[in-house]
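Colleague: Could you take a close look at one part of this model for me, the charged side chains and what surrounds them? I'm new to this, so please walk me through it slowly.

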Amino acid sequence: MSIEGHSSAPGANVIVEHLLRASGCKEWGGWGHSPSPAVPTRWWCFEHFPHKSYEQEQALRKKLDAAERDVR
């Protein structure tokens, strides 16, 4: 894989690990939130993301309920 055409700007090719804040959760943190550019971003998995819309929350509850029924 070639790096031709990639940015040479400082920090442009840095991988940021999205560490989760929810204790005990092993999911990757793909949902980030920061109130301003001056505040570091906090990362959550979708299940623990506190800034979901009502519709997103309802869809997640249906998904979790269905998964729980399948386990039984």
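Modeller: Let's start with a word we'll need: a residue is called buried under 20% relative accessible area, exposed over 50%, and partly exposed in between. Keep in mind that this is a predicted model. Now look at Arg 61: its relative accessible area is 47%, so Arg 61 is partly exposed. Arg 61 forms a salt bridge with Glu 57, and their closest N and O atoms are 3.5 Å apart. Both sit in helix H1 (residues 54–71), and because they are four residues apart there, about one helical turn separates them. Glu 57 is partly exposed too, at 24%.

Glu 57 has another partner: its side chain meets that of Lys 52 in a salt bridge, at 3.7 Å from N to O. The count comes to two salt bridges, and Lys 52, Glu 57 and Arg 61 are linked in a network of them. Lys 52 has a relative accessibility of 14%, so this lysine counts as buried.

Lys 52 also takes us to a ring. It lies over the face of Phe 46, at 5.2 Å from the ring centre.

While we're on rings, a search of the whole structure turns up one aromatic pair. The ring centres of Trp 44 and Phe 49 are 5.7 Å apart and their planes meet at 65°, so the pair is edge-to-face; the cut-off for that label is over 60 degrees. Trp 44 counts as buried because its relative accessibility is 10%, and Phe 49 counts as buried at 9%.

Notes
Residues are numbered from 1 along each chain as its sequence is written. This is a predicted model: local features need pLDDT of at least 70, side-chain atom pairs count only at pLDDT 80 or more; totals for chains, interfaces and linings use all residues. Side-chain values use heavy atoms; hydrogens and water are left out. Rings of Phe, Tyr and Trp (its six-membered ring) pair if their centres lie within 6.5 Å; planes under 30 degrees apart count as stacked, over 60 as edge-to-face and the rest as tilted. Buried means under 20% relative accessible area, exposed over 50%, partly exposed in between (1.4 Å probe, protein chains only). A charge sits over a ring if NZ of Lys or CZ of Arg is within 6 Å of the ring centre and within 35 degrees of the ring normal. A salt bridge is a side-chain nitrogen of Lys or Arg within 4 Å of a carboxyl oxygen of Asp or Glu. Helices (H or I, at least four residues) and strands (E, at least two) are DSSP runs, numbered from the N terminus.
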